[in-house]
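Hi everyone, thanks for making the time. I'd like to walk you through one structure, and please keep it open on your screens while I talk.

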Amino acid sequence: MDRTKPLVSVVVKALNEEAHVAVAIESAIAALEGMNGEIILADGLSTDRTVEIAKTYPIKIVSLNRTEDRSCGAGAQLGYQYSAGEYVCLIDGDMRLHQGFLPAAIQALEQNPNLAGVGGIIVEREEDNLEYVKRAGSSDPDRQPGFVTRLDCGGVYRRSAIETVGYLADRNLHGWEEFELGARIHAQARSLARINHPAVDHFGHQGSAYRLLLQRVLSRYAFGTGEALRAALGQKHFAFVVHHQAKIIGLWIAVYAWWFSAAAAPFLAGTVRQAVAAFAAIILLPLVAMIVRCRSVRVGIYSVAAWNVYALCFIPGFLRRRVDPTLWIESRRIDHSREIVPRLVDAR
């Protein structure tokens with residue numbers, strides 16, 4: 001790669017991604033062909049072979065110093081603070097970047113000076129996990145071509161726009177960091193867009209969706225909605241966050257009301273039989289409704305389970321103490337001398 005100031009910095013966020021990190025890095029190398037760019041692996045102190053594999057490539061590798069700093073926001077900001085490109089492309093370690101996306105995204109940014117960032121089409125490659133089945137079946141407008149509120153699963157950002165809003169990602173957020181960034185960008189009267197061009201293949205978590213749900217609790221990813229709302233308190237982008245989180249916050253309030261109703265039903269019924277019937281009816285109503293709506297027993301039950309988990313985690317997320325997101329994240333660069341570019345992996 002050209003050692004002068006790069007046009008594009010590709011930041012690959014990773015935590016224990018030994019199964020996918022080679023594909024992610026090699027796809028970035030291929031995507032940067034003919035361009036002046038750099039690749040930065042931002043590692044969250046992986047305990048598997050992620051860093052060892054990354055060392056076989058001519059890239060920059062940076063790592064957190066402390067496990068307690070791990071978060072989705074910290075991973076993105078970690079890579080950004082070591083980057084130098086005029087444009088910053090953000091992907092996860094379980095993604096494959098499509099060739100042709102970077103030039104198309106940069107062209108869109110150059111044609112529209114008001115655009116702060118550009119994403120593309122996300123191709124979900126995990127077809128068994130209920131989380132991704134549910135996601136693939138949704139009609140989320142933020143995943144469709146056109147102007148969007150956020151760039152989930154990464155995108156290409158204009159560095160000058162990021163500097164205007166202070167930082168790329170809030171280190172305090174364990175989830176919803178792209179939404180929070182989008183809120184700050186829109187508060188500055190800038191916009192984000194998704195172009196009709198494949199951006200990444202996403203190889204999501206395999207196995208049980210419930211295991212993934214538990215992992216999201218343990219990693220505090222499920223705290224994201226509460227953390228994002230807390231981050232917006234007193235800020236210019238607060239109204240944007242409330243407006244675009246209103247549906248989700250309303251859902252959590254409905255879940256809390258559901259819990260209260262189920263708990264209160266036995267005390268309001270006249271007999272034990274009536275109490276049992278009322279409690280069962282309250283518990284089963286949303287389950288049946290979602291099964292009918294999703295046209296699937298498995299997806300319907302999982303949806304209700306996910307509601308409960310995220311509603312429960314919203315509260316500690318909102319109450320969680322914050323660190324100044326503009327501070328430098330304690331980290332180090334991992335030196336390695338190998339300049340080997342292996343044969344590109346076929347990740348189909």
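Some ground rules to begin with. This is a predicted model, where local features need pLDDT of at least 70 and side-chain atom pairs count only at pLDDT 80 or more, while totals for chains, interfaces and linings use all residues. Residues are numbered from 1 along each chain as its sequence is written, and side-chain values use heavy atoms, with hydrogens and water left out.

Let's start with helix H1, residues 21-31. Helices here are DSSP runs of H or I with at least four residues, strands are runs of E with at least two, and both are numbered from the N terminus. How many of the residues of H1 are buried? Eleven of eleven, so this helix is mostly covered. By buried I mean under 20% relative accessible area; exposed is over 50%, and partly exposed is in between, with a 1.4 Å probe and protein chains only. The cover over H1 includes strands S1 (8-14) and S2 (37-43), as well as helix H4 (101-111). Contact, for all of this, is heavy atoms within 4.5 Å.

Next, a helix pair. In general, two packed helices are described by the angle between their axes and the distance between the axes. H8 and H12 (residues 297-319) pack at about 5 degrees, with axes 11 Å apart. That makes H8 roughly parallel to H12, a label used for angles under 35 degrees, with over 145 roughly antiparallel, 65 to 115 roughly perpendicular and the rest oblique. The axes are lines fitted to C-alpha atoms, for helices over the stretch in contact, and the angles run from 0 to 180 degrees between N-to-C directions. On the H8 side, the residues that meet H12 include Tyr-210 and Leu-213; among their partners in H12 are Ile-301 and Tyr-302.

Tyr-210 is partly exposed, at 40% relative accessible area. Together with Val-297 and Ile-301, Tyr-210 makes a nonpolar surface patch of about 260 Å². Patches take residues with over 30% relative accessible area and no salt bridge, joining like charges within 9 Å and nonpolar side chains (Val, Leu, Ile, Met, Phe, Trp, Tyr) within 5 Å. The areas come from Shrake-Rupley with a 1.4 Å probe, and for residues only the protein chains shown count as cover.

Now the backbone. Most residues other than glycine have a negative phi. Cys-153 is buried at 12%, and Trp-176 counts as buried at 17%. One of the residues that Thr-225 touches is Trp-176.

Last, salt bridges: a side-chain nitrogen of Lys or Arg within 4 Å of a carboxyl oxygen of Asp or Glu. The count comes to 15. Lys-13 and Glu-177 form one at 3.3 Å, N to O. That pair links distant parts of the chain, strand S1 and helix H7, 164 residues apart, and both residues are buried. Also in H7, Arg-184 and Glu-180 sit four residues apart, about one turn of the helix, with a bridge of 2.9 Å. Glu-180 is buried at 1%, and Arg-184 at 6%. Finally, Arg-66, Glu-68, Asp-69 and Arg-171 are linked in a network of salt bridges, and within that group Arg-66 is partly exposed, at 33%.

Definitions and conventions
Lists of a residue's contacts leave out its neighbours within four places in sequence.
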